[in-house]
Amino acid sequence: MEVDKMDEDDWKYHGEGNKSLVVSHVQLSRVLRLLKYPAEDSENPPQTPEQAFRQLQNIVDFSSNVMSSLLGEKFIHSGEVVKLPLEFVRQLSIKVQHHRPAWRCDKVMDIYSGCALCLPNLTSPVLHQPTHTAPLCIEIKPKCGFLPSSKHVSKDIKTKVCRFCMHQHYKVASGKWKRRSLYCPLDLFSGNRQRMYFAVRHLIEEPQNNFKIFKGGQCIYSSKEGSDDSPDLNSLLHHLRPYFIFGNNRINSHMSGKAVMNDFIQVLVNALLRGGGGDSGVVTDRHGEGRSFCEASFFNKERIRHGSQGLPSSSVLFRILQTQMLDTLDIEGLNPLYRRVEQHLQDFPKERTRLQMDGPYNEAFLEKLQKCPAEDDGSVEYAVAKVHQYRVAMTAKDCSIMVALVPSTEEEVDDESVSSQRWLRDFLSRPPAFSSLVSILDLDPKPFDSIPRQLRLDQNIVSCYLRTGGAVP
Ligand code: ATP
Ligand code: ZN
Ligand code: MG
Ligand code: MG
């Protein structure tokens, strides 16, 4: 890709989040991720081009030097910052505008800095063996997978009902979503196949911004925000059926929608439990499951038929959960330490750089958070290390997993061992074989000053839940 020969006709709207807008190349497996600003700032951008460049470079550094070492390099694609012609960016912003969902238009795409992140397109991965069938990519934003056990937690409910489930009540009460999602992250992170199956089923039923499916790079299933309608399950089944109907002795036989969905979820759960880098990940987190059961989950504990193996330690979910759990104090325990740092920075503004409050996100930053003393010795270094840990945990609570599923190729079927496996699988009526590729995206650093907002949000969510939550089923 030559940045001086950019043509907006080669790019199309791909998607967006709260902070960035993504366009994908029509031929190459590439995306550009551009910053967004509040619409009221559209005339005068909140930062200079140099600051925007720095912000993007920080994202790359944070992802490649900090998150990648915590989550596992095999899952991470940090990309690079590119400088683009301003005219290209302007034309692009006009072109994508009418593809954007209305509810996201309180922000505008950055057309002033002329920089963006260039990343591999994880929804149309480059495969070693090209297949005739387009890969299916499933994006999951799993959110926080554990209950806090910090002694600083002041409300008992926080140790029983998970943050996501409480937040759902708040989102419905404040009108952000019409319906509550019955997905519970603790079920997804449990490592128990039944609970994981249950969690994915609820993600499909009410995807909100936690679940999307792409086929050949196109989004084919997501929540239509602002609309009362549920997403179209029949259309999803129509897309999925061809992937699951063959090779199961079911050719010519009818496969019910339920059976297609069942196979799809099983294949996805298997991919989430696999190592992701080809290794089988036999070491498991055996004590994991008992630790976390959310009282708001609709999963009936009595239904558990098989004890859980826990999450394999090389699985993407295990790595994300471990990183989320760097939040050991909960926001309530962290807040006094945040204030200690804030006070220190007011007294000694130059310390901001030495303590790396806004980066650079390099090995020294990682070392600061990994070499944190076990006990609070009253120092600013301790407080800084805990704040850094908390921010890393926040990123892990907000990231997305992309699972690319590629049906096993014809060649593989010719292979004797595989075809005998396939025979056995058909005999047992197991879902067809897929190879999977798992990545983690959206690993931006969360700003230091976002911590007070986190505390307020936590208080609002908990008090809303205590007011309404128990009552509304
Ligand atoms: P959030 O509001 O979740 O913080 P964000 O503004 O930080 O989101 P991203 O999540 O990085 O933005 O990107 C928005 C969407 O664009 C993603 O949910 C995903 O669907 C798509 N996307 C982002 N990066 C890629 C990629 N490398 N390949 C394919 N699709 C991507
Ligand atoms: Zn829950
Ligand atoms: Mg995101
Ligand atoms: Mg983000």
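Ser 256 sits in the loop that runs between helix α6 (233-245) and helix α7, where helices (H or I, at least four residues) and strands (E, at least two) are DSSP runs numbered from the N terminus. At 33% relative accessibility this serine counts as partly exposed, a class that lies between buried, under 20% relative accessible area, and exposed, over 50% (1.4 Å probe, protein chains only). Its C-alpha atom is 9.2 Å from that of Arg 241, and the two residues are 15 residues apart along the chain.

The model is predicted, so local features need pLDDT of at least 70 and side-chain atom pairs count only at pLDDT 80 or more, whereas totals for chains, interfaces and linings use all residues. Residues are numbered from 1 along each chain as its sequence is written, chains are lettered from A and ligands numbered from 1 in the order in which they are written, and side-chain values use heavy atoms, with hydrogens and water left out.

In the protein chain as a whole, the secondary structure comes to 16 helices and 11 strands, and 52% of the 473 residues count as buried.

The largest nonpolar core has 75 residues, of which Phe 264 and Leu 272 touch the most other members; such a core is a set of buried Ala, Val, Leu, Ile, Met, Phe, Trp, Tyr and Cys residues joined through side-chain atoms within 4.5 Å. Helix α7 (residues 257-273) supplies the largest share of this core, 10 residues. The core also draws at least three residues from each of domain 1 (3-120) and domain 2 (123-473), with bounds that come from an automatic or database domain assignment. Leaving aside residues up to four places away in sequence, Phe 264 touches Leu 136, Ile 138, Ile 204, Ile 213, Leu 240 and Phe 244, a contact being heavy atoms within 4.5 Å.

The structure holds zero disulfides, a disulfide being a pair of cysteine sulfur atoms within 2.5 Å. Two of the cysteines are listed here.

| Residue | Relative accessibility | Class |
|---|---|---|
| Cys 162 | 1% | buried |
| Cys 165 | 8% | buried |

Asp 442 belongs to the loop between β11 (434-441) and α16 (451-469). This aspartate bridges the magnesium ion (ligand 4) and the magnesium ion (ligand 3), which lie 4.1 Å apart.

Conventions:
Donors = N, O, S within 2.8 Å, 3.2 Å for Na, K, Ca; no water.
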